[in-house]
Amino acid sequence: MSATYYPIIAAITANLLAQVLKPLFYYLRTEERNLGLVFDSGGFPSSHTALVIGLCMSYGYLSNFKSEFFFISLVFSLTVIYDAANVRYYAGQNIKMTKQLIQDIEILTSTTLDNPVYREKVKEVLGHKWVEVFGGLLLGFITSSVLFFFVKG
């Protein structure tokens with residue numbers, strides 16, 4: 001593998017591994033099969049985190065952690081991780097609360113809110129818990145580290 005393509009290969013490989021592992025970890029936790037999780041955001045491990053850490057670490061390895069590419073990808077990684085674990089996670093929590101409020105109002109008033117906006121399907125799981133982020137971080141680190149041995153050759 002060429003050092004030129006190593007960062008993008010490490011990042012995409014880490015991302016794909018995270019997506020493929022989601023149904024496995026879900027099954028280990030719940031004993032329920034759900035292969036559709038391969039295409040979902042959220043869950044363990046965080047594919048967003050795996051992707052950006054795979055990219056960041058690969059640039060770090062290539063430059064002994066001294067290049068502008070490493071530092072740019074580090075800042076990018078921290079931003080994506082913060083967004084996944086905070087902004088997107090709490091957006092998902094707000095969706096859950098809103099759905100519950102709509103249901104409570106319908107029960108309390110014995111009416112059905114028939115405006116289409118109340119019936120729109122909105123995904124609740126948008127972001128990650130910190131343990132899911134840590135799983136993605138570990139996967140991105142391991143993936144970029146293993147692939148570096150092929151580059152270093």
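Of the 153 residues of the chain, 35% count as buried, where buried means under 20% relative accessible area, exposed over 50%, and partly exposed in between, with a 1.4 Å probe and protein chains only. The model is a predicted one, in which local features need pLDDT of at least 70 and side-chain atom pairs count only at pLDDT 80 or more, while totals for chains, interfaces and linings use all residues. Residues are numbered from 1 along each chain as its sequence is written, and side-chain values use heavy atoms, with hydrogens and water left out.

### Overall form

The chain holds five helices and zero strands, and its pattern along the sequence reads α-α-α-α-α; helices (H or I, at least four residues) and strands (E, at least two) are DSSP runs numbered from the N terminus. With a radius of gyration of 19 Å, well over the 15 Å that the globule rule gives for 153 residues, the chain is more spread out than a compact globule; this radius is taken over C-alpha atoms, and the rule is 2.2 Å times the number of residues to the power 0.38. The C-alpha trace spans about 70 × 35 × 25 Å along its principal axes.

Among contacts with a separation of 6 or more, 72% are accounted for by residues 24 or more positions apart, a contact being heavy atoms within 4.5 Å. The chain exposes about 9,800 Å², of which carbon and sulfur atoms supply 67%, the areas coming from the Shrake-Rupley method with a 1.4 Å probe, and for residues only the protein chains shown count as cover.

### Individual residues

Thr-49 is found in helix α2, residues 47-63, and is buried with a relative accessible area of 0%. Beyond its neighbours within four places in sequence, Thr-49 is in contact with Ile-81, Val-133, Gly-136 and Leu-137. Val-75, by contrast, has its place in helix α3 and counts as exposed at 53% relative accessibility.

The loops hold some features of the backbone. Most residues other than glycine have a negative phi, and most peptide bonds are trans. The peptide bond from Phe-44 to Pro-45 is cis, with omega near -10°, and Pro-45 lies in the loop between α1 (6-30) and α2.

On a 1 Å grid over the protein atoms alone, a pocket is an open set of points where a 1.4 Å probe fits, with protein on both sides within 12 Å along at least five of seven lines, and lining residues have an atom within 4 Å of a point.

The lining includes Ile-95, Thr-98, Lys-99, Tyr-118 and Arg-119. The elements that give two or more residues to this lining are α3 (68-109) and α4 (116-119), and the largest share, six residues, comes from α3. The lining residues divide into five nonpolar, two polar and five charged, where Ala, Val, Leu, Ile, Met, Phe, Trp, Tyr, Cys and Pro count as nonpolar, Asp, Glu, Lys and Arg as charged, and the others, Gly among them, as polar.
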